[in-house]
Amino acid sequence: MIRRVPAISFPRYRIWLACVVGLVFLIGANMAWLNPNPGFKAYRTHPTIPILWQYNPDAGIEILTAAYFPDIFKSYRIRMDRPVYPAVAKGGAACLQAVAKPFRPLSNLEAAGLAYIAMKLAVYLTGILALFNLLSRYIGKQGAFIACFLCFTHFVSIEYIAAFHTTELQFITPIFTLFLLQKLVDRYSLGRNVLYSTLIGLLMLCKPNYATYLAVLAFFFLVKREYSAVLTSFAAHCIPMLLYLGYLELLGMKYYSFNADYYGQGVWLLDLLQNDSWKIFPAMANSLILFAKLSWNYYTLWLAVALTALVLFRKAVLLPAHAWLLMLGIIVMTWVQMFMARQCTPHMPSDFAFLVFGMSGLALAHWAMSSRLFSKAVPAILAVWLALNTLHFLHLPWVPPLEQAHRSQDKLKQRLDMAVHPKNYTAQEHEWWRKKHNGRK
């Protein structure tokens, strides 16, 4: 993403891209009809209408954090290292409550839920527009649109668009990072560097997904030798974290990282190097194998399509040769991040989704232009891809939504009371999750 090209206007595509997001949201919000998580006790946002039901175990604490931010950190510290989503949702909830008050007062949870969903839609819409804007400069509008469709109709995207969670940022944060990089390269200035790097720092407070950003810093430091620009960027990206730490200090709270404490992310490697350093090599080998498997599971045949496009159509991509080192660096750093975080979930390889689906979109667009028959087949290919990713959540035997297991109202009320009245509970009761801690490290 280095070549300077005049900005592209794409008003005709905006509507179609928005429709893609709307379609994905429609599926994600009504996922209850697919019996997506058999045996899991769902969070019912409405007792009888199966819309926006939550099937992620972290959804409850996420929406409580948004509804009672930041006081909830006195009782639940789990989301303390990811404050931006809850803070934005809290602000949106306050606005909704003020507007709705004369008509139908909204509870803190109701307002936070509505604001959270609105925020997620804004993130998805901004993300897909940024990806199209970025890719269309290098692979053309048709290829960019196909890439956006493939990326944002993936089952991970569908699963989290209507979920009270941050996982979608695993593939959207790299898009924002590269979009900001492109804008900075187009017209560099110290002020823009500080501004864009500060925005990246805010993204890291949404979800600490550093792979792409660190790859960018390494590329411009080692390859482009832009030492002062890289150091400025790194310093500026720390500003949001420093301000947040100061804010917590004013509130009399101490920063806490649930992922480092519970999962041992980053910490486990230091322990390994101190005690059994030789084990790092088999650990790395196993991690690379797992990374390859997860990558195949995430991208499936599109990996082969992307590699084919890289061989056949690489010269058609308006990207300088040395910039491919950045693409390789992002893939490598995605694995490093997974290794350090010790996370083996399906979404971990999605940081380079922009690249795999971008090259796949380029291939489909080229083949469509060279064959009228293939051109007519492209919509069918995209429809099948959407159908397969939707059916990913279908589990048989099918269970109607109202017959699916759901969270006990008494338990939910207790969790809510713990958030509102933290002084009524002991420290052990507040950190109930620690009983599951054994064996995690």
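A salt bridge here is a side-chain nitrogen of Lys or Arg within 4 Å of a carboxyl oxygen of Asp or Glu. In general, side chains of opposite charge can pair when their charged atoms come close. This is a predicted model, so to speak of local features takes a pLDDT of at least 70, side-chain atom pairs count only at pLDDT 80 or more, and totals for chains, interfaces and linings use all residues. Residues are numbered from 1 along each chain as its sequence is written, and side-chain values use heavy atoms, with hydrogens and water left out.

The structure turns out to hold five salt bridges. One of them joins Arg-79 and Asp-58, at 4.0 Å from N to O. Arg-79 sits in the loop between α2 (59–67) and α3 (84–100), and Asp-58 in the loop between α1 (11–29) and α2, so the pair ties together parts that are 21 residues apart in sequence. Helices here are DSSP runs of H or I with at least four residues, numbered from the N terminus.

How much of each partner is accessible is a separate matter; buried means under 20% relative accessible area, exposed over 50%, and partly exposed in between (1.4 Å probe, protein chains only). Arg-79 is buried at 5%, while Asp-58 is partly exposed at 32%.

Glu-110 and Arg-104 make another salt bridge, at 2.8 Å from N to O. Glu-110 is partly exposed at 33%, and Arg-104 is partly exposed at 47%.

Then there is Asp-186 with Arg-137, whose closest N and O atoms are 3.1 Å apart. This pair links distant parts of the chain, helix α7 (residues 169–186) and helix α4 (residues 108–139), with the two residues 49 apart. Asp-186 is buried at 13%, and Arg-137 is buried at 4%.
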